[in-house]
Amino acid sequence: MDPSVDGVDMISSMPPEILHHILSFIRTQYAIRTSVLSRGWRHVWCETPFLDFDCFHRYGIRRQLTAQDISQTLILYRAPKITSCHLRMPRNLREHEMNSWIEFVVSRNVEKLSLFFDCYPNHVFEKIFYLSSSLKQLCIWHCDMMIPGCTVSLKSLRKLKLWDCHLYDESVANILSGSPVLETLRLDYCTGPQRLDLSKSPSLRRLKILWCPGPTEIVAPHVHYLSLSNSSEPPPTLVDVSSLTEASIDIIDSVNLCRLLNADFLQTMVLKMLAKLQNVKRLTFTGPILEILSLAELHGVPFPTFKVETLTVETNFTRYVIPGLARLLQNSPELKMLIAHAGYQVGIQVFFPHKHLSFSCILIRPCKLVTD
């Protein structure tokens, strides 16, 4: 199709904002190639406020993107402000090159920044990184040296995601205290800190922890949404989650079931956690939690009363989950909706005293049921 009508170049006549938006969907190395499309595209790539350097294809195939490619691109780049920057460090990179690139995007008032240190987990950030006044979203992958050498000042940071990072208690406290408007914190596959104290982060509303060996304690009095998923260790103690309105809990994976074969421990652990979730309005359980609750029910362990209005469960719907589910529903007088998803998880039938159990039906309050 001819991009011109009556000799007028339609692409060149597009507003710069539209051209920049179009280029935001592709990586910078491909955006540069669009300069041959028409006169209007010739310098668009170097003025678009989006940068995306990734040496990996989305399917894991390595691209031929070198340190020299990135450095040369930044020399030609002219946008005064960067809205979003995604940077996965290539191989054979020197420390000063990484620092110069990070300093460049920070100096351009970057708002959203994703940094991947696959081959450089011991990278040490320079002071300027912790003093960005424009940064709103930050994602860091594979970094073991998140140790600020200064007082952190990330005055605009609202979302922080750390993936496969080693976190020290003092460093986390410094980062949190220097992020006064932080709203969302996500820790995936991270080690540490031992005690995650969010009591001095009054704006923090969402906390998600996925497959983290630490922390062992969580103090989050201002958090409204909590997600704990597949911890490779016993789940953390919820010291203070008094503002929670929504929670999603998946506390044990198949590996733990082989390590934590102690029925009394499992019951105590789960019921202690549930006691901290009594005021939650939306509650999601995934995995063998209902089976653990069934054990507690069979042993006559008292259950707390819940204020949950929407309950979502994803589990193997076998006879081993019925007593726990029934008691949970009975102790939820304000329940309005039950959402049930059948899923495969490793069960804990080995804990039950009898192989062939027959459970009588327990009457529960009527509520709306949604299933797959």
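**Exercise 1. Describe the second largest cavity: its lining, its class make-up and its volume.**

Step 1. Leu160, Leu162, Leu167, Val172, Ile175, Leu176, Leu185, Leu187 and Leu196 line the second largest cavity. A cavity here is a set of points on a 1 Å grid over the protein atoms alone, where a 1.4 Å probe fits but cannot get out; lining residues have an atom within 4 Å of a point. The model is predicted: local features need pLDDT of at least 70, side-chain atom pairs count only at pLDDT 80 or more, and totals for chains, interfaces and linings use all residues. Residues are numbered from 1 along each chain as its sequence is written, and side-chain values use heavy atoms, without hydrogens and water.

Step 2. Sort the lining by class. There are nine nonpolar, no polar and no charged residues. Nonpolar covers Ala, Val, Leu, Ile, Met, Phe, Trp, Tyr, Cys and Pro; charged covers Asp, Glu, Lys and Arg; the others, Gly among them, are polar.

Step 3. Find the sources. β7 (159–163), α5 (169–177) and β8 (184–188) each supply at least two lining residues. The largest share, three residues, comes from α5. Helices (H or I, at least four residues) and strands (E, at least two) are DSSP runs, numbered from the N terminus.

Step 4. Give the volume. This cavity holds about 70 Å³. The count is six cavities of 30 Å³ or more. Volume is the space filled by probe spheres set on the points, with grid points joined across faces, edges and corners.

**Exercise 2. Classify the packing of α3 with α4.**

Step 1. Take the geometry. α3 (residues 67–76) and α4 (residues 95–107) pack at about 30°, with axes 11 Å apart. Axes are lines fitted to C-alpha atoms, for helices over the stretch in contact; angles run from 0 to 180 degrees between N-to-C directions.

Step 2. Apply the classes. Under 35 degrees is roughly parallel, over 145 roughly antiparallel, 65 to 115 roughly perpendicular, the rest oblique. α3 and α4 are therefore roughly parallel.

Step 3. List the contacts (heavy atoms within 4.5 Å). Ala67, Ile70, Ser71 and Leu74 of α3 meet Glu97, Trp101 and Phe104 of α4. That contact has five nonpolar, one polar and one charged residues.

**Exercise 3. Locate the cis peptide bond.**

Step 1. The cis bond joins glycine 192 and proline 193, with omega about -10°.

Step 2. Proline 193 sits in the loop between β8 and β9 (195–197).

Definitions and conventions:
1 Å grid on protein atoms, 1.4 Å probe; cavity = no way out; pocket = protein on both sides within 12 Å on 5 of 7 lines; lining within 4 Å.
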